[in-house]
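Trainee: I have a new structure to learn today. Could you go through it with me, step by step?

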Amino acid sequence: MFGEYSIWGRCEKAKIGPAINFSHDGLNWTWQTPDDISYEKNLKPYCGKKILFLTRYPLDVVVSNWAYFRYLNAHYQNSVNAFIKDPVHSVEKFVRFHNLWANHRSEFPEIMLLRYEDVRNNPKEKFAELIHYLGFNYDEKLLMEAINFASLENMRGMQKSLKDVPFLKTKNYIYIGDENNPESRHVRKGEIGGYRKYLDPDMVDHYEKIIGLNLDPWFGYEAPVA
């Protein structure tokens, strides 16, 4: 499900379907700033497509990105408080990208918003909604098997022993960097509101206000997540 290199991508190119593509929608994390994001570049290519828009509270996203770039990707060496001020990784970039989608969502009649927090709190209900949205029926037992398989606990276990998971052992999706550093892994904490443990309190207050005032209410983040 990861772009044209996956089995689904090949099905799409061969026109034998079904085709599901996962994308960060042209977002670049080395040079792109809020000013580089536009309707023409980031939305227009998806007109006419069925869109599942996955999102998470911006400050949790920033901290997660920082941990990745600091400890796994190793392309960033400074603190998370410096990271959030970098326009390439900023909350302002998140707001710009999201508001474009919110403002133009009438052009995408088959768009579904799915928030990380809702899936964490109600995985069965939200996964069932997702399956219906994709146009499929489901078996209750198989639904729960999929949810349990994708749990944080199970992913942490797979992360520690990739050699025992045949379809992941040659992939880099959930690898561990430094075994002794809990931040150096793809499957980290999965917390809601965990950013408060990383950012300085004054920065938390500052950016929570920016999000509450500027991010479109469609996303439901007018108030900070608990």
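Trainee: Is the crossing of α5 and α10 right-handed or left-handed?

Mentor: Good place to start! Keep in mind that this is a predicted model. In it, α5 and α10 cross in a right-handed way.

Trainee: What makes α5 roughly parallel to α10?

Mentor: Look at the angle. Their axes cross at roughly 15° and come within 11 Å of each other. Angles under 35 degrees count as roughly parallel, so α5 is roughly parallel to α10. From α5, the residues Val91, Glu92, Val95 and Asn99 make the contact, and they meet Tyr207, Ile210, Ile211 and Asn214 of α10.

Trainee: Why is His98 called buried?

Mentor: The relative accessible area of His98 is 5%. Buried means under 20%, so His98 is buried. You will find this residue in helix α5. Beyond its neighbours within four places in sequence, His98 is in contact with Phe53, Thr55, Leu215 and Phe219.

Trainee: And across the protein chain, what percentage of the 226 residues is buried?

Mentor: Buried residues make up 39% of them.

Trainee: Which residues have the most contacts inside the largest nonpolar core?

Mentor: They are Leu59, Ile84, Val91, Trp101 and Tyr195, in a core of 38 residues. Two or more residues come from each of β1 (51-55), α3 (58-72), α4 (80-83), α5 (91-103) and α10 (201-214). The largest share, seven residues, is given by α5. As general background, nonpolar side chains in soluble globular proteins tend to be buried together.

Trainee: What does Leu59 touch, not counting residues up to four places away in sequence?

Mentor: Leu59 touches Ile84, Val91, Tyr195, Leu199, Val204, Tyr207, Glu208 and Ile211.

Trainee: How do you know that the side chain of Ser38 makes a polar contact with the backbone nitrogen of Lys41?

Mentor: Set the distance against the cut-off. The side chain of Ser38 reaches that nitrogen at 3.2 Å, and a polar contact needs N or O atoms within 3.5 Å, one able to donate a hydrogen and the other to accept it. Ser38 itself lies in the loop between α1 (7-14) and α2 (39-42). Leaving aside neighbours within four places in sequence, Ser38 is in contact with Leu43, Arg96 and Leu100.

Trainee: Lastly, how many helices and strands does the protein chain have?

Mentor: There are ten helices and two strands. From the N terminus on, their order is α-α-β-α-α-α-β-α-α-α-α-α.

Notes: Residues numbered from 1 in each chain as written. Predicted model: local features only at pLDDT ≥ 70, side-chain atom pairs only at ≥ 80, totals over all residues. Heavy atoms only, no water. Core = buried A, V, L, I, M, F, W, Y, C linked by side-chain atoms within 4.5 Å. Buried < 20%, exposed > 50% of the residue type's maximum accessible area, 1.4 Å probe, protein only. Helix = DSSP H or I, 4+ residues; strand = E, 2+ residues; numbered from the N terminus. Contact = heavy atoms within 4.5 Å. Axes fitted to C-alpha atoms, helices over the stretch in contact; angles between N-to-C directions. Parallel < 35°, antiparallel > 145°, perpendicular 65-115°, else oblique. Left-handed = near helix turned anticlockwise from the far one by under 90°.
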